[in-house]
Amino acid sequence: MITALFAVAAISAACDIEKPSGQPGCTRATVDALPMNAIQAIGTHNSYKLAVAPNEWEMIHGSNAKAADEIDYAKPPLGAQLDLGARQLEIDVVYDPEPGHFAEPLGYRTAGKAVVPYDFTPLKLPGLKVLHEPSVDYRSVCPLFTGCLKDIRAWSKAHPDHVPILIIMNLKEGGLKLPGAVVAPLFDAKAMNQIDAEIRSVFPEAALITPDKVQGRFPTLREAVAAGGWPKLKAARGKVMFALDCPPDQVARYRESRKVLEGRAAFVNTDPASPAAGYITLNEVPELIGQIAEALKAGIIVRTRADADTWEARRNDTVRQVAAFASGAQYVSTDYLTPDARFSPYVAKLPGGGAARLSPVPPAR
């Protein structure tokens with residue numbers, strides 16, 4: 001732990017952690033001695049999301065203009081986002097035990113002829129599906145969860161020196177309370193096991209940073225991360241880490257009767273006092289700056305957001321973004337790796353550029 005602290009102190013603030021320059025204070029050896037929770041990287045929110053077709057969006061806007069504006073954004077393919085420097089991706093997953101359940105969404109059926117065609121074939125295949133809302137915001141760059149994972153895996157293999165990629169999953173259940181709306185099933189025990197099975201069908205264990213690996217011989221994950229248990233960057237390069245960004249009831253269903261997260265592929269968003277604490281989502285900045293600071297002191301990896309619901313982009317407002325990066329959260333997500341010219345020049349970039357930098361709030365241990 002003392003060695004790690006000296007390594008942090010030696011790193012230049014301008015150093016690109018992923019591709020160190022070799023200059024004093026920015027060498028590969030010095031950078032690789034850092035624990036992975038000592039870095040900060042940028043990522044994307046709802047990384048899979050395509051734009052709603054114009055005629056369907058107009059229909060939504062006519063019913064609820066605010067809700068329509070909040071979903072008026074889109075993302076390029078996952079590999080393109082990773083090329084732009086994203087090292088955190090967010091994927092919304094729905095359970096589909098009877099394939100085809102999501103293949104005839106309400107918005108598509110009621111808005112008339114689609115202005116932008118969409119291939120529903122993947123939604124008729126077995127497996128977990130990826131979409132934002134089953135009835136009106138269903139278009140995805142990778143409709144199959146395994147398809148998203150294969151895209152990330154292919155990019156990772158082609159860039160083996162990348163810093164750890166955090167893949168956040170939201171588990172979508174329910175749906176709009178409208179006649180004919182599609183309702184996403186509950187994630188039961190079988191569905192929770194399917195998440196892990198599909199992850200491990202694409203990523204070999206050697207490519208994963210899992211709760212068990214981080215916990216090691218400690219009684220709990222919380223104790224492990226508090227003691228500096230995160231792997232060093234040398235060992236974490238080229239790997240991915242999954243986390244369920246879920247409410248307590250879903251976290252309980254994923255953990256089942258486990259003491260911590262034994263055998264699970266993903267970390268969970270949970271209270272810092274939980275034995276399973278290793279990751280937490282604290283999106284509201286600057287309101288939650290104090291909670292972010294406490295989580296970082298406990299060794300927990302934090303994700304926050306630079307912007308939300310298109311509002312910062314519409315106002316070209318960087319107040320939240322500045323606070324997010326200054327908070328020390330390891331992963332800061334955005335909807336705007338590139339500007340949306342319809343709104344403003346607003347864009348979110350890691351201060352200093354590059355894919356990863358030394359966090360402005362170094363780990364406590």
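Two strands are said to pair if DSSP finds at least two bridges between them. With that in mind, look for the open sheet in this predicted model: five strands build it in the order β7-β8-β9-β1-β10, with mixed pairing. Because β7 and β10 (356-358) stand at the edges with a single partner strand each, one side of each is left without a neighbour in the sheet. From one strand to the next, the twist averages 25 degrees. At one end of that order, β7 and β8 run in the parallel sense and share three bridges. Threonine 281 has arginine 303, in β8, as its bridge partner.

In α13 (residues 289-297), the buried residues are Ile292, Ala295 and Leu296. Viewed down the axis of α13, they fall within an arc of 100 degrees, so they line one face of the helix. The buried residues of α13 pack against β7 (279-281) and β8 (301-305). Just after α13 comes glycine 299, which takes a positive phi of about 85 degrees.

Which residues touch the most other members of the largest nonpolar core? They are Ile17 and Phe242, in a core of 94 residues. Strand β4 (residues 165-171) gives the most to this core, contributing six residues. Setting aside neighbours within four places in sequence, phenylalanine 242 is in contact with residues including Leu149, Ile167, Met169, Phe203 and Phe267. Another core lies apart from the largest one and has ten residues, among them Val94, Tyr138, Val182 and Ala184.

| Core | Residues in the core | Some members |
|---|---|---|
| Largest nonpolar core | 94 residues | Ile17, Phe242 |
| Another core | ten residues | Val94, Tyr138, Val182, Ala184 |

Finally, the aromatic rings. The model has eight aromatic pairs. One of them joins tyrosine 95 and phenylalanine 187 in a tilted arrangement, 6.0 Å centre to centre with 35 degrees between the planes. Tyrosine 95 lies in the loop between β2 (88-94) and α6 (106-110), and phenylalanine 187 in the loop between β4 and α8 (189-202), so the pair ties together parts that are 92 residues apart in sequence. Are these two residues, tyrosine 95 and phenylalanine 187, buried or exposed? Both are buried. Elsewhere in the list of rings, Tyr108, Tyr118, Phe120 and Tyr138 form one aromatic cluster.

Methods:
Residues numbered from 1 in each chain as written. Predicted model: local features only at pLDDT ≥ 70, side-chain atom pairs only at ≥ 80, totals over all residues. Heavy atoms only, no water. Buried < 20%, exposed > 50% of the residue type's maximum accessible area, 1.4 Å probe, protein only. Helix = DSSP H or I, 4+ residues; strand = E, 2+ residues; numbered from the N terminus. Arc of directions from axis to C-beta. Contact = heavy atoms within 4.5 Å. Axes fitted to C-alpha atoms, helices over the stretch in contact; angles between N-to-C directions. Core = buried A, V, L, I, M, F, W, Y, C linked by side-chain atoms within 4.5 Å. Phe/Tyr/Trp six-rings, centres within 6.5 Å; stacked < 30°, edge-to-face > 60°.
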